[in-house]
Amino acid sequence: MNTVITIGRQFGSGGKEIGIRVAKELQIPCYDKELMKEAAKKSGLSEKIFESFDERPKSLLYSIAMDSYIFSLPGTGAGDSLEQQVYLATFDTVRQLASQGPCVIIGRCADYALADDPNLLSLFISAPMKDRVARVAKRQNLTPEKARVLIQKTDRRRASYYEYYSSQRWGAVESYDFCLNSSSLGLGGTVELIRTIVAQKEHPVPSPTEADPTEQRG
């Protein structure tokens, strides 16, 4: 198996759980928060810095507040942006992890970082708002109203981050290989669908005309 699966997801869609389950069933690594830890280790930046910028849009005020920190880093200059340092370290880590073999990578513009990788399978997981509200409210012990606010805030943050760094539309069908509604088949059914897609990518089944070129000759 060679496929590297990237998963963008609406908050509360079950995208992270789906990614973890796909990785487990395919017996390949899954990187979510682990990716941030690896990027921090390679870059020399603290994990807290990565947590502060993780899938968050560009923040001028936070960058200004962190100026004193960036000047203390080896090999950085006055023109360096802390956010850019974090993003580039994340970008490089995504590519490095993908180069090691098949895996699942959750979020972090991984599909954009691996856009030139022939083994890439980019997915976006969505779900109707009512289903996401119910899932988040139960998981985090929130009222439906507070769950909805948290979902909207998180989705805006992820969209801003993705669109700033990738110049593509977050969640748009043209930005990914497949966009899947996790409520249509349930989380388990979505996992099985992704496994089928991976199997087809690994071992394409030719169409009848591809299998028999003589049919194209009238």
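This is a predicted model: local features need pLDDT of at least 70, side-chain atom pairs count only at pLDDT 80 or more; totals for chains, interfaces and linings use all residues.
Residues are numbered from 1 along each chain as its sequence is written, and side-chain values use heavy atoms, with hydrogens and water left out.

**Exercise 1.** Find how many cavities of 30 Å³ or more the whole structure holds, and describe the lining of the largest cavity.

*Solution.* Begin with the term: on a 1 Å grid over the protein atoms alone, a cavity is a set of points where a 1.4 Å probe fits but cannot get out, and lining residues have an atom within 4 Å of a point. The search of the whole structure finds 2 cavities of 30 Å³ or more, and the largest has a volume of about 120 Å³, where a volume is the space filled by probe spheres set on the points, which are joined across faces, edges and corners. Next, look at its lining of 18 residues, of which Gly-8, Glu-55, Gly-107, Cys-109 and Tyr-162 are the closest to the centre. Two or more lining residues come from each of strand E1 (4-9), strand E3 (103-106), helix H7 (110-113) and helix H9 (144-166), helices (H or I, at least four residues) and strands (E, at least two) being DSSP runs numbered from the N terminus. E1 gives the most, with 4 residues.

**Exercise 2.** Describe the second largest cavity by its volume and by the elements that line it.

*Solution.* The volume of the second largest cavity is about 70 Å³. Its lining includes Met-36, Phe-53, Glu-55 and Tyr-165. Helix H6 (82-99) and H9 each supply at least two residues of this lining, and H6 gives the most, with 4 residues.

**Exercise 3.** Which residues lie closest to the centre of the largest pocket, and how does its lining divide by class?

*Solution.* A pocket is an open set of points with protein on both sides within 12 Å along at least five of seven lines. The largest pocket holds about 400 Å³ of space, and among its 21 lining residues the closest to the centre are Arg-9, Phe-11, Lys-16, Arg-139 and Arg-158. Helix H1 (15-26), helix H8 (129-140) and H9 give two or more residues each. The lining has 2 nonpolar, 6 polar and 13 charged residues, where Ala, Val, Leu, Ile, Met, Phe, Trp, Tyr, Cys and Pro count as nonpolar, Asp, Glu, Lys and Arg as charged, and the others, Gly among them, as polar.
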